[in-house]
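This report describes one protein model for a reader who has not seen it before. The sequence and structure come first, and the description follows.

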Amino acid sequence: MIAATDTPMASRLVNGVLSIKPLANLAKHQARSMMIKRAESMGVYWRQEVATLRSRGGDAAFSHEWEADLERITNTEVIYPDYYRRSFHAYEQGNLSWDAAMEVEVAAHAVHARLWPKAGRNGDAMLRQSYHTVLQQQLSRPPHTILDIGCSVGMSTFALQAMYPDAQITGVDLSPYFLAIAQYRCQQFHPSSPHSPTWRHAPAEATGLPDACCDLVSAHLIFHELPQVAAIGVLQEARRLLRSGGYLAIMDMNPRSEVYATMPPYILTLLKSTEPYLDDYFAFDLEQAIYEAGFDRPTVTCNSPRHRTVVARTR
Ligand SMILES: C[S@@+](CC[C@H](N)C(=O)[O-])C[C@H]1O[C@@H](n2cnc3c(N)ncnc32)[C@H](O)[C@@H]1O
């Protein structure tokens, strides 16, 4: 558990507020307004960027082309696990909504803006770069085929593609809303690239892809969103998908970081109210689970003040 063992007054108060729906909604509204204001003060023009995306740069509030794209990318055979249907990141419908999808990019820029002093809007790119630096150091050769699991709107996928321009990359995600945006961004930014990523609507624990089809499975910021049973399923699926000598790389929050150890418990409580599996993630022995899924013992590298990169080769 990440919460302090005693439950200080402020935490109890926050928990009490969050258990009363109208108060919880008010708290969410306030937290959201504060986050948007703070983002905009750091050069992340939240409202403007989201409006441009919703309308695809046009005048309409919401472009109807999104609905057609959603239909095209949706795999109607996907069955959403119960854990995925929960409210996430203060969105009532979790990751299965346009609101969540339209705000992923600005939220990532805002959340990572304070990772390093003066990082600001570049914090997100710096975090991805710090992960790639670890990959460069630890992978014995550049991967030809990569699977980006939990690819969301493609930020991690495009970053990997820039790093390995000749690689064939597939982004897998359970939210067709996010994938619709990934596909749109791909057409917008990389229309004629010979190696554009492809997108697959599927659970990371059952991708439907063939055995031994890739050299690197990359999981950037997905594991903290998984209950432990699902996390184990994803590790087993990654092992099945990797060729002999292939790598699994996981970049996510570092439960051992000072930042979490010294975080005031009421802030942690607020954080957990938007991240339902954070306790599961912090209590999970990821290194042992990776080993048990059929990998060598992983290396763990701190790549930001509060993130770690875990890399393991198939055993
Ligand atoms: C915090 S986002 C990370 C996004 C992206 N990799 C990045 O670095 O910006 C986590 C993503 O994992 C996806 N996800 C969560 N559980 C999943 C599962 N079981 N299968 C596939 N995707 C999942 C969510 O839909 C979401 O897009």
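## Histidine 112 and its loop

Apart from neighbours within four places in sequence, histidine 112 is in contact with Gly123, Asp124, Leu127, Leu221 and His307. The model is a predicted one. Histidine 112 sits in the loop between α5 (98-111) and α6 (123-138). Its relative accessibility is 6%, so histidine 112 counts as buried, the cut-off being under 20%.

Lysine 118 also belongs to the loop between α5 and α6. At 86% relative accessibility, lysine 118 counts as exposed, because the cut-off for that class is over 50%. The phi angle of lysine 118 is near 65°, a positive value in a residue other than glycine.

## Overall form

The protein contains 13 helices and seven strands. Its C-alpha trace spans about 50 × 50 × 40 Å along the principal axes. For 315 residues, a compact globule would have a radius of gyration near 20 Å, and the value of 19 Å for the protein agrees with this.

Of the 315 residues, 52% count as buried. The accessible surface comes to about 15300 Å², and carbon and sulfur atoms account for 55% of that area. Taking the contacts between residues at least 6 apart in sequence, 73% join residues at least 24 apart.

## The largest nonpolar core

Which residues have the most contacts inside the largest nonpolar core? They are Phe223, Leu235, Leu248, Ile250 and Ile290, in a core of 43 residues. Several elements each supply at least two residues of this core: the strands β1 (145-149), β4 (214-220), β5 (242-253) and β7 (307-313), together with the helices α9 (228-241), α12 (278-283) and α13 (286-292). The element that gives the most is α9, with six residues.

Isoleucine 250 shows how these parts come together. Leaving aside neighbours within four places in sequence, isoleucine 250 is in contact with Ala219, Phe223, Leu235, Leu286, Ile290, Arg308, Thr309 and Val310. Among these partners, Phe223, Leu235 and Ile290 are also listed with isoleucine 250 as residues with the most contacts inside the core.

## A second core and tryptophan 46

A second, separate core has 32 residues, including Trp46, Phe62, Ala101 and Ala107. Tryptophan 46 is placed in helix α3 (residues 46-55). Is tryptophan 46 buried or exposed? Its relative accessible area is 1%, so tryptophan 46 is buried.

Beyond neighbours within four places in sequence, tryptophan 46 is in contact with Arg32, Met35, Ile36, Ala39, Glu40, Glu103, Val106, Ala107 and Ala110. Tryptophan 46 and glutamate 103 are 57 residues apart in sequence, and their C-alpha atoms are 7.9 Å apart in space.

## Serine 152

Serine 152 lies in the loop between β1 and α7 (155-163). Although serine 152 is not a glycine, its phi is positive, at about 55°. With a relative accessible area of 16%, serine 152 falls under the 20% cut-off and is therefore buried.

Leucine 18 is in helix α1 (residues 9-18). With a relative accessible area of 24%, leucine 18 lies between the cut-offs of 20% and 50%, so it is partly exposed. Leaving aside neighbours within four places in sequence, leucine 18 is in contact with Ala24, Thr269 and Ser273. Leucine 18 and alanine 159 are 141 residues apart along the chain, and 37 Å separates their C-alpha atoms.

Proline 265 is located in helix α11 (residues 265-274). Its relative accessible area is 25%, so proline 265 is partly exposed. The C-alpha atoms of proline 265 and valine 134 are separated by 31 Å, and the two residues are 131 residues apart along the chain.

How values were computed
Residues numbered from 1 in each chain as written. Predicted model: local features only at pLDDT ≥ 70, side-chain atom pairs only at ≥ 80, totals over all residues. Heavy atoms only, no water. Helix = DSSP H or I, 4+ residues; strand = E, 2+ residues; numbered from the N terminus. Rg over C-alpha atoms; globule rule 2.2 N^0.38 Å. Buried < 20%, exposed > 50% of the residue type's maximum accessible area, 1.4 Å probe, protein only. Contact = heavy atoms within 4.5 Å. Areas by Shrake-Rupley, 256 points an atom, 1.4 Å probe, with all protein chains shown as cover. Core = buried A, V, L, I, M, F, W, Y, C linked by side-chain atoms within 4.5 Å.
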